[in-house]
Amino acid sequence: MPTYLMLTNLTAEGLRTLKNNPGRVTEVNSEVEQMGGRVVSQYATLGEYDFVTIIEAPDEQTMAKISVELGSRGTMTSRTLTALDAADLSA
């Protein structure tokens, strides 16, 4: 299944939501599954992005749907990258 990296920054509203409901991160991961993806792992990061999330989705259309749905809420902005297994490049 294709793998995608979602680089996320929380908006002021997203920071308030996370502060008031720390479990929201897990809830969003469940919502990703309901949209057809699967969160493989997620990291809170320091620096340019607040979170890096590794997501598997069956195709680009599903990943685009996930990105648009999450972004439309006004709690975060994101950049999504397609990730290719390095071992596949040498094959």
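The largest pocket of the predicted model has a volume of about 370 Å³. Its lining is made up of 19 residues, and those closest to the centre of the pocket are Leu10, Val25, Val28, Thr75 and Met76. Several elements take part in this lining: strand 1 (3-10), helix 1 (12-20), helix 2 (24-34) and strand 3 (51-56) each contribute at least two residues. The greatest contribution to the lining is that of helix 2, which provides five residues. In terms of residue class, 10 lining residues are nonpolar, seven are polar and two are charged.

The interior was examined next. In soluble globular proteins, nonpolar side chains tend to be buried together. In the present model, the largest nonpolar core consists of 11 residues, namely Tyr4, Met6, Val32, Met35, Val39, Ile55, Ala57, Met63, Ile66, Leu70 and Met76. At least two residues of this core come from strand 1, and at least two come from helix 3 (60-71). Helix 3 makes the greatest contribution to the core, with three residues. One member of the core, Met63, is in contact with Tyr4, Met6, Ile55, Ala57 and Thr80 when residues up to four places away in sequence are not counted. Met76 belongs to the core and is also among the residues closest to the centre of the largest pocket.

Leucine 70, another residue of the core, is located in helix 3. Its relative accessibility is 6%, and leucine 70 is therefore classed as buried. With residues up to four places away in sequence left out, leucine 70 touches Met6, Val28, Val32, Met35 and Met76. The C-alpha atoms of leucine 70 and threonine 8 are 10 Å apart in space, although the two residues are separated by 62 residues in sequence. Helix 3 also contains serine 67. This serine has a relative accessible area of 17% and is buried, because a residue counts as buried under 20%. Beyond residues up to four places away in sequence, serine 67 touches Met6 and Thr80.

Helix 2, which contributes to the lining of the largest pocket, has three residues that are named as buried: Asn29, Glu31 and Val32. Viewed down the axis of the helix, these buried residues fall within an arc of 160°, so they line one face of helix 2. Thr26 and Gln34, on the other side of the helix, are exposed. The cover over the buried residues of helix 2 includes strand 2 (38-44), strand 3 and helix 3. Just after helix 2, glycine 36 adopts a positive phi of about 105°.

Among the buried residues of helix 2, glutamate 31 is a charged residue by class. Its relative accessibility is 18%, and glutamate 31 therefore counts as buried. Leaving out residues up to four places away in sequence, glutamate 31 touches Arg24 and Arg73.

Leucine 5 is found in strand 1. Leucine 5 and isoleucine 54 are 49 residues apart in sequence, whereas their C-alpha atoms are 4.8 Å apart in space. Apart from its neighbours within four places in sequence, leucine 5 is in contact with Thr53, Ile54, Arg79, Thr80, Leu81 and Ala83.

Threonine 11 occupies the loop between strand 1 and helix 1. A relative accessibility of 22% places threonine 11 in the partly exposed class. Threonine 11 and methionine 76 are 65 residues apart in sequence and 5.1 Å apart in space, C-alpha to C-alpha. When neighbours within four places in sequence are set aside, threonine 11 is in contact with Gly74, Thr75 and Met76. Of these contacts, Thr75 and Met76 are also among the residues closest to the centre of the largest pocket.

Conventions:
Residues are numbered from 1 along each chain as its sequence is written. This is a predicted model: local features need pLDDT of at least 70, side-chain atom pairs count only at pLDDT 80 or more; totals for chains, interfaces and linings use all residues. Side-chain values use heavy atoms; hydrogens and water are left out. On a 1 Å grid over the protein atoms alone, a cavity is a set of points where a 1.4 Å probe fits but cannot get out, and a pocket is an open set with protein on both sides within 12 Å along at least five of seven lines; lining residues have an atom within 4 Å of a point. Grid points are joined across faces, edges and corners, and a volume is the space filled by probe spheres set on the points. Helices (H or I, at least four residues) and strands (E, at least two) are DSSP runs, numbered from the N terminus. A nonpolar core is a set of buried Ala, Val, Leu, Ile, Met, Phe, Trp, Tyr and Cys residues joined through side-chain atoms within 4.5 Å. Buried means under 20% relative accessible area, exposed over 50%, partly exposed in between (1.4 Å probe, protein chains only). Contact means heavy atoms within 4.5 Å. The arc is that of the directions from the helix axis to the C-beta atoms.
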